[in-house]
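Open the model in your viewer and keep the sequence panel beside it. The stops below say what to select and what is there.

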Amino acid sequence: MSSGGGSRRKKGGHEEHEEHVNHERWLVSYADMLTLLFVLFVVLYSMSNIDKAKFAELAAGLSEGFGATSAAFQGSPATLDGAGQATTVVPIDPGINPGEGGDGTQNMTKEQKEAVARAVQAEDRKMASANAKAATKEAENLKEIEHRIADALAKAKLLNQVKFTINERGLVVTIVTNEVVFAGNRAELKQGGRTILNAIAPTLAKLPNNIEVDGNTNQLKATVTYYPSGWELSAARASTTVRYLVGHGLAKDRMSAVGFSDTHPLIDPKDPRSVTMNRRVDVVVLTTLNAEQAALVPAAAGNDAKLHTGETTAEANAKAKAATTESSTGSTPTTTN
């Protein structure tokens with residue numbers, strides 16, 4: 001006798017147990033995840049496979065482009081004509097630490113190293129000689145400019161108002177103000193200053209060099225009436241001088257104005273003359289040499305590197321004639337025992 005209750009049965013007479021329903025479905029998701037990971041690693045591996053020939057072409061091209069030979073590649077590959085395929089890789093000694101750079105002579109013989117050292121020394125001497133020649137030529141050019149400026153000042157009877165120096169910056173034309181160029185605590189040009197600038201402006205206008213005007217004050221701790229300090233006063237005097245020169249034929253793109261206050265004394269502030277000598281305007285005919293060559297100009301200029309009165313063309317010719325005469329006669333200084 002069968003009852004209405006009892007266990008449930010499937011069609012076909014099999015009993016259905018709920019605890020076994022769909023418990024294996026996680027395997028499908030797991031398999032999908034593993035497949036995707038496999039595909040990811042295959043793609044990454046394929047992307048990491050470098051074309052060595054193309055890499056060699058790139059390295060050699062970059063090396064030649066920067067003007068150096070490649071440390072890891074030999075030959076001269078041409079990336080456009082396919083010659084880069086012939087590039088060979090230089091074997092690297094695994095015992096060498098790549099972080100320790102050498103001078104490239106480790107594998108040379110003693111004779112080869114000595115030859116390299118001689119070549120470097122010869123090149124250094126050649127460069128030093130070229131720099132010395134350039135400095136000597138520049139000193140001569142600056143001296144010639146001094147002659148032309150001195151001629152104009154002598155003609156105007158103003159040569160004693162100006163001093164000259166040849167240094168690493170160029171030719172420095174020093175105009176001592178001392179109530180001649182500027183009044184005390186003022187930056188307006190006086191008639192004496194305008195007369196001096198009128199004399200030198202035509203020569204400066206014909207030069208290819210840039211011109212810098214430096215304003216300087218003395219070391220007296222006097223009260224500056226019309227300006228906050230000596231900085232503004234010295235800069236104003238330099239600017240006034242530049243503006244005047246531009247108005248008398250000099251191109252303004254060649255000009256610059258600098259104020260030094262009392263930081264660049266011409267002579268020792270303890271010297272009584274410093275009160276007048278350090279209060280000045282310097283008109284600098286700037287050198288066209290590079291810094292390394294310009295540093296040699298004072299030595300090439302000799303005594304002209306010191307503050308001196310300008311030498312006119314006539315004086316220079318007379319000096320040269322005297323030197324030639326002395327050389328031709330073979331006269332030598334007389335000595336006594």
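In which hand, left or right, does H3 pass H4? The crossing is right-handed, meaning that the near helix is turned clockwise from the far one by less than a right angle.

Before selecting anything, note that this is a predicted model: local features need pLDDT of at least 70, side-chain atom pairs count only at pLDDT 80 or more, and totals for chains, interfaces and linings use all residues. Residues are numbered from 1 along each chain as its sequence is written, and side-chain values use heavy atoms, with hydrogens and water left out.

Select residues 110-155 (H3) and 191-205 (H4): their axes come within 9 Å and cross at roughly 145°. Axes are lines fitted to C-alpha atoms, for helices over the stretch in contact, and angles run from 0 to 180 degrees between N-to-C directions. Helices (H or I, at least four residues) and strands (E, at least two) are DSSP runs, numbered from the N terminus.

Next, show Arg-148, Ile-149, Ala-152 and Leu-153 of H3, which meet Ile-196, Ala-199, Ile-200, Thr-203 and Leu-204 of H4. Contact means heavy atoms within 4.5 Å.

Now turn to the open sheet of 6 strands, ordered E6-E5-E7-E4-E3-E8 with mixed pairing. Strands pair if DSSP finds at least two bridges between them. At the edges are E6 (255-259) and E8 (308-309), each pairing on one side only. E8 pairs with E3 (residues 162-167) in the antiparallel sense over 2 bridges, and His-308 stands opposite Phe-164.

Finally, bring H3 back: H3 packs on this sheet, touching E3, E4 (170-176), E7 (280-286) and E8.
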